[in-house]
Amino acid sequence: RDGSGTQLPGAGPGRARRTMPGALREETAQLLGDYVQHRLGGAAPLPPPSRTAETLRRVADELESRERLFFRNACSAAALPEPGEAAVVLLGRVATQMEAEGGLNWGRVVALVVFAGNLAAALAERGGPDHSGALVEALAAYLAEERRDWLEAHGGWVSA
């Protein structure tokens, strides 16, 4: 959810919780937050906090490099949400469309992560409020809560 209460499709209450519901959610949020900060850059880039984060950065950077034009167009000024519109709404639409076009797989998960990073960067370049935290939280909730069964069935982040 972002500050307005918007959430990605299906990421809501009513899911049966497992014994440690917060562990996967916390790991997911840390990995996504690390990638988005890596994508946004900064004066003194930090090293990845784990091997999994290092792998996610590498794989996401490779995908972004191969598909730079696609991600640039997807996050162009014309595609960005209007000021005041929740960026997570756009992320949610992309997640819904990707799943509708063929289900979830690791390639699509990485593409969503790269899209979220590019969206955060494009919004930062435009100025205004920082949306990176809301994007990370929304995508973490979607992956670790709504798509938890898929993520666990595929070995979690360790197997990614």
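**Helix packing and selected residues in a predicted model**

Let me start with a pair of helices: α4 and α5 pack at an angle of about 155°, and their axes lie 11 Å apart. That angle makes α4 roughly antiparallel to α5, a label given to angles over 145 degrees, where under 35 counts as roughly parallel, 65 to 115 as roughly perpendicular and the rest as oblique. The axes here are lines fitted to C-alpha atoms, for helices over the stretch in contact, and the angles run from 0 to 180 degrees between N-to-C directions. Helices themselves are DSSP runs (H or I, at least four residues), as strands are (E, at least two), and both are numbered from the N terminus.

Residues are numbered from 1 along each chain as its sequence is written, and side-chain values use heavy atoms, with hydrogens and water left out.

Coming back to the pair, α4 passes α5 in a right-handed crossing, meaning that the near helix is turned clockwise from the far one by less than a right angle, with anticlockwise giving left-handed. On the α4 side the contact (heavy atoms within 4.5 Å) is made by A87, L90, L91, V94, A95 and M98, and on the α5 side by R108, A111, L112, F115, A116, L119 and L123. These residues divide into 12 nonpolar, no polar and 1 charged, where Ala, Val, Leu, Ile, Met, Phe, Trp, Tyr, Cys and Pro count as nonpolar, Asp, Glu, Lys and Arg as charged, and the others, Gly among them, as polar.

How does α6 sit against these two helices? Helix α5, residues 106-126, packs with α6 at an angle of about 165°, and their axes are 9 Å apart. At that angle α5 is roughly antiparallel to α6, and the crossing of α5 past α6 is right-handed. From α5 the contact takes V109, L112, V113, A116, L119 and A120, and from α6 it takes S132, L135, L139, Y142 and L143. The tally for this contact is 10 nonpolar, 1 polar and no charged residues.

The axes of α4, residues 87-100, and α6, residues 132-146, come within 9 Å and cross at roughly 35°, and this crossing too is right-handed. Here A87, V88, L91, A95 and E99 of α4 meet A134, L135, A138, L139 and Y142 of α6, a set that divides into 9 nonpolar, no polar and 1 charged.

Stepping back to the whole protein chain, there are 8 helices and 0 strands. Of its 160 residues, 41% count as buried, which is to say under 20% relative accessible area, whereas exposed means over 50% and partly exposed lies in between, all with a 1.4 Å probe and protein chains only. Among the contacts in the chain with a separation of 6 or more, residues 24 or more positions apart account for 77%.

Is N118 buried or exposed? With a relative accessibility of 7%, N118 counts as buried. Its side chain makes a polar contact with the side chain of R39 at 3.0 Å, a polar contact being a pair of N or O atoms within 3.5 Å; within protein, one must be able to donate a hydrogen and the other to accept it, and residues adjacent in sequence count only if both atoms are side-chain atoms. Leaving out residues up to four places away in sequence, N118 touches R39, E64, F71 and C75.

In helix α2, residues 51-66, we find R57, which counts as buried at 11% relative accessibility. The R57 side chain reaches the backbone oxygen of L46 at 3.1 Å, and, neighbours within four places in sequence aside, R57 is in contact with D34, Y35, H38, L46, P47 and P48.

V59 is also found in helix α2, but with a relative accessible area of 28% V59 is partly exposed. The C-alpha atoms of V59 and G107 are separated by 9.5 Å, although the two residues are 48 apart along the chain.

Finally, W106 has its place in helix α5 and is partly exposed at 22% relative accessibility. From W106 to H154 the C-alpha to C-alpha distance is 8.9 Å, across 48 residues of sequence.

Note on methods
This is a predicted model: local features need pLDDT of at least 70, side-chain atom pairs count only at pLDDT 80 or more; totals for chains, interfaces and linings use all residues.
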